Amino acid sequence: MDASLLTVSQHTTAQGVHVLTPHGEIDHSSVAFAGWAFDSGAGDRCAPCTVIDFEHVTFMDTSGIHFLLYVHRGAQDSDGWIRLANVPPAVQRLLRIVGLDELLPTYATLEAALPA
């Protein structure tokens, strides 16, 4: 997979929640780009409270699991949290197999994942 097949849009809500929306496949060749987006490209961690919107993710392998553990640890180090939204069934299954479904809260929609 060419990393150019993964793009990540991002924004920060008025409440300070960072929203990452990957588009494409998260695998061994593209996960570094997802990490770059999380770290805002300058080595600085983005907001400690982050929602990752999986609506446009078409595939994720175990490299994505490592990425999610990385961002979860980063959020914990900053007294924040990571939430997942719009997770496709195949990715939900992978999260369940490795036990991340109990560590990272998952929401049906982006709106539901954002704090009120």
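**View 1. Asp-79, an exposed residue in the loop between α2 and β5**. Asp-79 counts as exposed because its relative accessibility is 74%; exposed means over 50% relative accessible area, buried under 20% and partly exposed in between, with a 1.4 Å probe and protein chains only. The loop that holds Asp-79 runs between α2 and β5; helices (H or I, at least four residues) and strands (E, at least two) are DSSP runs, numbered from the N terminus. Phi of Asp-79 is near 55°, a positive value in a residue other than glycine. Most residues other than glycine have a negative phi.

The model is predicted: local features need pLDDT of at least 70 and side-chain atom pairs count only at pLDDT 80 or more, while totals for chains, interfaces and linings use all residues. Residues are numbered from 1 along each chain as its sequence is written, and side-chain values use heavy atoms, with hydrogens and water left out.

**View 2. Asp-53 and Asn-86, joined by a polar contact**. Asp-53 is found in strand β3 (residues 49-53), and Asn-86 in the loop between β5 and α3. Their side chains are joined by a polar contact of 2.7 Å (a pair of N or O atoms within 3.5 Å; within protein, one must be able to donate a hydrogen and the other to accept it, and residues adjacent in sequence count only if both atoms are side-chain atoms). Asn-86 has a positive phi of about 55° although it is not a glycine.

**View 3. The largest nonpolar core**. This core has 24 residues; a nonpolar core is a set of buried Ala, Val, Leu, Ile, Met, Phe, Trp, Tyr and Cys residues joined through side-chain atoms within 4.5 Å. Ile-52, Phe-54, Met-60, Leu-68, Leu-84 and Leu-95 have the most contacts inside it. The largest share of the core, 5 residues, comes from α2. Apart from this core lies another, of 7 residues, including Val-17 and Cys-49.

**View 4. His-72, a buried residue in helix α2**. His-72 counts as buried because its relative accessibility is 12%. Not counting residues up to four places away in sequence, His-72 touches Ile-82, Leu-103 and Leu-104, where contact means heavy atoms within 4.5 Å.
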